[in-house]
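Hi,

Here is the structure I promised to pass on. Have a look, and then read on for what turned up in it.

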Amino acid sequence: LRSKPLGRILPRPPIAAAGMVCNGFMAPGLVKGSICWLLVGLVATAVQSMYFVKETPKITMQESRQLGRVVVWTSTICMWMFWAFVYMHQMVPLIYPVHTPAL
């Protein structure tokens, strides 16, 4: 007895619909999300500079402000990149599901 294969192993190329245009990095969702992450960074910078700047015997106010900005923007950029990678991965999936008829 030979069993039927459950599905394809190789990915299927996407089927281009008539009139579809590849926006690439300028896809509307990617642009809007990037603007949202920019706003998150700006708000976090304002909050950091108002509430988390402190002078201690080992660090001045200016150094504290600079350190806070580095932390805020490094974390914002890392989170934005992670979000963008996940978003773009969903725009062009590598594997397409293959539906087999029920037995």
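Helices here are DSSP runs of H or I with at least four residues, strands are runs of E with at least two, and both are numbered from the N terminus. This is a predicted model, with local features needing pLDDT of at least 70 and side-chain atom pairs counting only at pLDDT 80 or more, while totals for chains, interfaces and linings use all residues. Residues are numbered from 1 along each chain as its sequence is written, and side-chain values use heavy atoms, leaving out hydrogens and water.

On to the findings. The chain has two helices and zero strands. Val47 sits in helix H1. Because its relative accessibility is 33%, Val47 counts as partly exposed (that is, between buried, under 20% relative accessible area, and exposed, over 50%, with a 1.4 Å probe and protein chains only).

Which residues of H2 are buried? They are Ser64, Gly68, Val72, Thr76 and Ala84. An α-helix has 3.6 residues a turn, so residues three or four places apart point the same way. The cover over the buried residues of H2 includes helix H1 (28-51). Across the chain, 12% of the 103 residues count as buried.

Contacts (heavy atoms within 4.5 Å) are worth a look too. Of those in the chain between residues at least 6 apart in sequence, 72% join residues at least 24 apart.

Cheers
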